[in-house]
Amino acid sequence: MILSVQDLTFKFRGKTIFSHASMQINQHAIYGLVAPNGYGKSTLLNLLHPQSGRIRLLDQSMSRQLIFEKVAYLQDNSVLYPYLTGQQHLDFLTAVHRLDRQAVATIAGQLQTADFLNQRVSKYSLGMKQRLLLVMALVVKPTILLLDEPLNGLDPTSLQLVREALLD
C-alpha cells in the first residue's frame with residue numbers, strides 16, 4: 001500500500017472540507033485528483049494530522065520524518081522566496097537533503113532551468129517558477145511525488161519538458 005486515507009474528516013473555520021473521505025492507492029503510477037476549485041484538493045495534500053480518520057503512507061503511520069524522507073510536494077509558488085535565486089533554493093535543498101550537486105544539475109538541465117537559475121525568483125514568470133518548483137520536488141528522489149497544479153503557467157515547450165521529466 002502506497003497511500004491509504006480512511007474515514008478522513010477535516011473542518012476549517014467551521015466549514016467541513018472532508019467528511020468521512022476514504023481512498024487507497026496500491027500501485028506506483030501517475031494519479032490525478034480531480035474536483036472543482038474550492039473542494040479541498042490542496043487541503044488534502046497539505047494534511048499531516050486530520051481531525052479524525054487515519055492516513056497511512058507506505059504501510060506506516062504518518063510522521064514528519066517519513067514525509068521528509070519519502071515525499072516531495074510541489075505546491076504553489078508562494079513557497080519560493082522572491083529575494084533568493086533559483087540556484088540558492090536548490091543549494092538549500094542540496095544541503096538539507098545531502099544531495100549530489102551533479103544529480104541536482106542534471107535534473108535542472110532536463111527542465112531547462114539553467115538560463116534563469118541565477119536570477120532572483122521575483123523576476124521569474126509563472127512558468128519559470130513552476131519549472132523551478134518541479135526541479136526542487138524531483139531532486140530529492142521521492143518515493144511519492146505530490147503535485148498541486150503543476151502545469152499552471154507552462155507554455156507548450158515547458159509542458160513537454162515537464163511531461164518527460166514526470167515519466168522519467
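Strand 1, strand 2 and helix 1 (41–46) are the elements that give two or more residues to the lining. Strand 2 gives the most, with five residues. By class, the lining has 11 nonpolar, two polar and one charged residues.

Nonpolar here is Ala, Val, Leu, Ile, Met, Phe, Trp, Tyr, Cys and Pro; charged is Asp, Glu, Lys and Arg; the others, Gly among them, are polar.

Before going on, the caveats. This is a predicted model, where local features need pLDDT of at least 70 and side-chain atom pairs count only at pLDDT 80 or more, while totals for chains, interfaces and linings use all residues. Residues are numbered from 1 along each chain as its sequence is written, and side-chain values use heavy atoms, with hydrogens and water left out.

Now the sheet. Helices (H or I, at least four residues) and strands (E, at least two) are DSSP runs numbered from the N terminus, and two strands pair if DSSP finds at least two bridges between them. What is the order of the four strands in the open sheet? The order is 2-1-3-4, with antiparallel pairing. Strand 2 and strand 4 (60–61) are the edges, each pairing on one side only.

Strand 1 (residues 3–12) and strand 2 (residues 15–25) run antiparallel, joined by seven bridges.

Staying in strand 1, have a look at Asp7. Its phi is positive, near 55°, and Asp7 is not a glycine. Asp7 counts as partly exposed because its relative accessibility is 40%, and the scale goes buried under 20%, exposed over 50%, partly exposed in between (1.4 Å probe, protein chains only). Gln112 is another non-glycine with a positive phi, about 50°. Gln112 lies in the loop between helix 4 (101–110) and helix 5 (126–138), and at 46% relative accessibility Gln112 is partly exposed too.

Over in strand 2 we have Met23, partly exposed with a relative accessible area of 28%. Leaving aside neighbours within four places in sequence, Met23 is in contact (heavy atoms within 4.5 Å) with Leu3, Ser4 and Val5. Met23 and Leu8 are 15 residues apart along the chain, and their C-alpha atoms are separated by 9.4 Å.

Next, is Asp148 buried or exposed? Asp148 is buried, with a relative accessible area of 14%. You'll find Asp148 in the loop between strand 6 (144–147) and helix 6 (156–167). Its side chain makes a polar contact of 3.4 Å with the side chain of Tyr73. That term means a pair of N or O atoms within 3.5 Å; within protein, one must be able to donate a hydrogen and the other to accept it, and residues adjacent in sequence count only if both atoms are side-chain atoms. Apart from neighbours within four places in sequence, Asp148 is in contact with Ser42, Leu45, Tyr73, Leu74 and Gln75.

Two more and I'm done. Leu58 lies in the loop between strand 3 and strand 4. Not counting residues up to four places away, Leu58 touches Met1, Ile2, Lys70, Thr143 and Ile144. From Leu58 to Lys70, 12 residues along the chain, the C-alpha separation is 9.0 Å. Finally, Lys129 in helix 5 touches Asn77, Leu80, Val121 and Tyr124, again not counting residues up to four places away in sequence.
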